[in-house]
Amino acid sequence: MNLNVSWIRSRNALSLLRERLTPKLVEHKQKLSRSSSAVFVPFCHREDQLNLLFTKRTETLNSHSGQISFPGGRCEEGETARETSIREMEEEIGVSPSQVWGNLSRPVVSLKLQNVYACVGYIGHFEDLKMKLSPNEVSHVFTVPVEDLVHSRFEKTYQNQRSRRQWEMLADRVDSEFDDQQDRAENIRRISQITEYTMPVFPSPIDTDPDIWGMTAVMTDRLLYTAFRINGYKKHTFTPSVS
């Protein structure tokens with residue numbers, strides 16, 4: 001996307017970004033169970049540019065090993081999304097946020113059909129962070145300038161490998177064009193026929209790392225749309241192919 005987003009390089013870019021995001025963010029105050037997870041989406045300054053910080057998970061983890069993610073993990077019983085995301089970031093990279101702006105309004109549903117909440121905020125200047133990475137969870141961290149993310153998104157096609165039962169469970173959680181609960185069966189039928197679908201992807205700045213994809217890319221795309229839609233940023237549209 002060739003957009004004019006030069007304001008993100010201005011001296012007051014952080015306050016402008018916060019002003020654009022916070023009206024669309026919410027505070028999930030409900031206490032969550034261990035079936036839910038939460039991540040922290042950390043904006044930071046690096047070389048006077050606003051960046052997003054990502055982690056690369058270690059290859060030894062049982063879940064999502066070697067993938068790019070935001071700091072986060074499973075909720076402890078009775079925690080809020082904010083509490084989980086901050087605790088997990090402190091455990092994984094040894095950093096606490098200096099500003100917490102709120103949560104994305106809707107959780108992202110993982111392939112394991114778990115709700116993953118995203119808490120958004122600011123962690124300061126990258127050069128000043130005294131990070132302590134958890135060697136069992138985090139291989140390394142890197143940052144990407146927000147302006148680069150705006151211009152670099154592309155789409156990738158994936159094959160549908162979900163079972164019928166997974167689609168039935170997912171049908172209760174995804175946006176539907178059907179307002180009446182009696183139409184749930186039709187919603188299940190419609191989405192269970194999907195054979196492949198496209199999702200947003202962002203390139204990693206490190207050649208040996210995988211691209212930023214999956215839930216992390218979906219969350220990134222939602223945030224960029226909220227901040228830059230006035231500049232013409234188009235949110236990725238879920239475009240399935242059906243049998």
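The dialogue below goes through several features of a predicted model, one at a time.

User: Before I look at any detail, what is the mean pLDDT of the protein, and how many of its residues reach 70 or more?

Analyst: The term pLDDT stands for the predictor's confidence in each residue, on a scale from 0 to 100. In this protein the mean pLDDT is 87, and 83% of the residues reach 70 or more. Over residues 175-179, however, the pLDDT is below 50, although this stretch has eight contacts in the model beyond near neighbours in sequence, a contact being heavy atoms within 4.5 Å. Where pLDDT is low, the predicted coordinates should not be read in detail. Because this is a predicted model, local features need a pLDDT of at least 70 and side-chain atom pairs count only at 80 or more, whereas totals for chains, interfaces and linings use all residues. Residues are numbered from 1 along each chain as its sequence is written, and side-chain values use heavy atoms, with hydrogens and water left out.

User: How many helices and strands does the protein have, and what share of its residues count as buried?

Analyst: Helices (H or I, at least four residues) and strands (E, at least two) are DSSP runs, numbered from the N terminus, and the protein has six helices and eleven strands. Buried means under 20% relative accessible area, exposed means over 50%, and partly exposed lies in between, with a 1.4 Å probe and protein chains only; of the 243 residues, 48% count as buried. Among contacts between residues at least 6 apart in sequence, 74% join residues at least 24 apart.

User: At what angle do the axes of helix α1 and helix α6 cross?

Analyst: Two packed helices are described by the angle between their axes and the distance between the axes. Axes are lines fitted to C-alpha atoms, for helices over the stretch in contact, and angles run from 0 to 180 degrees between N-to-C directions. Here the axes of α1 (residues 13-21) and α6 (residues 214-228) come within 8 Å and cross at roughly 100°. Angles under 35 degrees count as roughly parallel, over 145 as roughly antiparallel, 65 to 115 as roughly perpendicular and the rest as oblique, and α1 and α6 are therefore roughly perpendicular to each other.

User: Which residues meet in α1 and α6?

Analyst: Leu17, Arg20 and Leu21 in α1 meet Leu223, Thr226, Ala227 and Phe228 in α6. The residues of this contact divide into five nonpolar, one polar and one charged, where Ala, Val, Leu, Ile, Met, Phe, Trp, Tyr, Cys and Pro count as nonpolar, Asp, Glu, Lys and Arg as charged, and the others, Gly among them, as polar.

User: Why is the pair of Phe54 and Phe70 stacked?

Analyst: Rings of Phe, Tyr and Trp (its six-membered ring) pair if their centres lie within 6.5 Å; planes under 30 degrees apart count as stacked, over 60 as edge-to-face and the rest as tilted. By this rule the count comes to five aromatic pairs. The rings of Phe54 and Phe70 have their centres 5.0 Å apart and their planes at 25°, so the pair is stacked.

User: Is Asn51 buried or exposed, and which residues is Asn51 in contact with?

Analyst: Asn51, in strand β2, is buried, with a relative accessible area of 3%. Leaving aside neighbours within four places in sequence, Asn51 is in contact with Pro42, Phe43, Cys44, Arg46, Thr143, Val144, Pro145 and Val146. The C-alpha atoms of Asn51 and Asp148 are separated by 9.0 Å, although the two residues are 97 residues apart along the chain.

User: Where do Glu47 and Asp48 lie, and what is phi in each?

Analyst: Glu47 lies in the loop between β1 (37-46) and β2, and Asp48 is found in the loop between β1 and β2. Phi of Glu47 is near 50°, a positive value in a residue other than glycine, and Asp48 has a positive phi of about 65° although it is not a glycine. Glu47 counts as exposed at 64% relative accessibility, and Asp48 is exposed with a relative accessible area of 65%.
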